[in-house]
Amino acid sequence: MLRILNSQSRQKEEFKPLNAGRVTMYTCGPTVYDSLHLGHARAAITPDVVRRYLEYKGYNVRFVMNFTDVDDKIIKRSIAEKTPYREITSRYIDEFHRLMLSLNVKPADVYPRATDHIDSMIEIVARLIDKKHAYAASDGDVYFDTATYARYGALSGRKLEEEEAGHSGRISQDRMAVKKNSGDFVLWKLNKNDKPEMAAGGDLVPRWPSPWGEGRPGWHLECSAMSRLYLGVPFDIHGGGQDLLFPHHEDEKAQTECAYHEELGDKDSVRYWVHNAFITVDGEKMAKSFRDAEGKPNVKWLREMIWPEGSYDPMAIRMLMLSSHYRSPLEAERQLFDEAVARLERIYNTIEALERVNAAGVAAPNRVEIAQFEAAMDDDFNTAGALGVVFDLVSHANQELAKNVLTPEQIAAALATIRLMLSVLGLRPHRAKAASAGDSEQLVELLMQARLEARTAKQYQLGDKIRNGIKALGYEVEDLPGGKWVVMKK
């Protein structure tokens, strides 16, 4: 029986999807104004493992991950680089897809962008105003009235007065003066020309017409609009980093449940909230905004760590993430990276040793080890415990191989068991090499597998981008009838 620690109840609950055999799942993707760091990797790998395990359990999972492509940080970067904001966001969305491919993160069924759903967000704001849950302030911005929602704080456990106290220390007095309650949050921002960055206009500052004036949506609004559009309300699982629990998810929950009360009644908009803990550096959360005593950010850029730029196999990064429970903080220490590399090597060495002596071909996995693996994963996706089962089997196989006492059937079964467990965890079962100009065949093979997954998920645009990447490596892809293909060196 699968049990999930629900962030809202702060208890482990038996997993019962809204519809038998089907799971609807949404997770907050990155704000695409800069490169990804290790924290983003954990925020992507966590829901990927959840999804993989649910699919392994037989569920049909519909998975949506959004891109926040309208945000003050994006605007600042656009103005600083004198580059249209859409070029900025497309650059980092493309990088996201490349890095997720390396980490073996399965493509989402949908990757909606906030800027493609402005009309849906305007509709939500209008509904909230009509229902007296929102108001246009004297400065022209539209705010959600937190005092009208009695359940505000149910997700994060924070009371409204605590939330107001927190806001009062972060928000300017001018903003505080126009709001009914200090904890009210913005739904629609006018592009005010008294700010230099707003006056820039053009392609540098996104703006859309609305009944309340030309502007852009508040951050929290996009997830309410896109999750309902692609999954409906309520839906089963909402994921994201622990830092999004408050205020982002608290505010998202409030506006969704107030805007769509007729559809929800007294039900929550989300059945299970799942939040992964931070990656930390010297005890501090890894974040682009954090600066150490020398003014340097404490981030470890993902692209600089993994092949081809960095020195780590992407699967070692994934191994590191899986070696700790997703709700436990993970310190980005060199020792832990090296341990992840060593653990991955140990698995690959065992697989290769078993393959060398495998004479029985394919066999069914061992039931005992699979049951132990499932027991760990059923306990709130305990990947650390699941890896423990993998390594117990690896140790046993090595010992028995050294004694030369394994039958062909036992060898084949051990191989099948290890491969199955690695597949559920998203760890590739074969050793890879860093790609170089003279050694690209293996990379092309991985890219073609990713293209197949993208096309199966009807992510045709992503599939085309992967094909273009293969072409850039000097290969041509010819699609054949029946879903087959031929890859040829140009």
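A residue is called buried here when its relative accessible area is under 20%, exposed when that area is over 50%, and partly exposed in between (1.4 Å probe, protein chains only). By this criterion phenylalanine 67 is buried, as is phenylalanine 96.

The structure is a predicted model, in which local features need pLDDT of at least 70 and side-chain atom pairs count only at pLDDT 80 or more, while totals for chains, interfaces and linings use all residues. Residues are numbered from 1 along each chain as its sequence is written, and side-chain values use heavy atoms, with hydrogens and water left out. The mean pLDDT (the predictor's confidence in each residue, from 0 to 100) of the protein chain is 90, and 89% of its residues reach 70 or more. Over residues 166-170 the pLDDT falls below 50; beyond near neighbours in sequence, this stretch has five contacts (heavy atoms within 4.5 Å) in the model.

Turning to the aromatic side chains, the whole structure holds 12 aromatic pairs. Rings of Phe, Tyr and Trp (its six-membered ring) pair if their centres lie within 6.5 Å; planes under 30 degrees apart count as stacked, over 60 as edge-to-face and the rest as tilted. Phenylalanine 67 and phenylalanine 96 make an edge-to-face pair, with 5.2 Å centre to centre and 85° between the planes. Phenylalanine 67 sits in the loop between strand E4 (60-65) and helix H2 (72-81), and phenylalanine 96 in helix H3 (residues 85-102), so this pair ties together parts that are 29 residues apart in sequence. Helices (H or I, at least four residues) and strands (E, at least two) are DSSP runs, numbered from the N terminus.

A stacked pair joins phenylalanine 144 and phenylalanine 185, at 4.9 Å centre to centre and 15° between the planes. Because phenylalanine 144 lies in strand E6 and phenylalanine 185 in strand E7, the pair ties together parts 41 residues apart in sequence. Both of these residues, phenylalanine 144 and phenylalanine 185, are buried.

Strands E6 and E7 also belong to an open, antiparallel sheet of four strands, ordered E5-E6-E7-E8; strands pair if DSSP finds at least two bridges between them. Strand E5 (134-136) and strand E8 (215-217) stand at the edges with a single partner strand each, so one side of each is left without a neighbour in the sheet. Strand E7 (residues 185-190) pairs with E8 over three bridges, and tryptophan 188 has proline 217 of E8 as its bridge partner.
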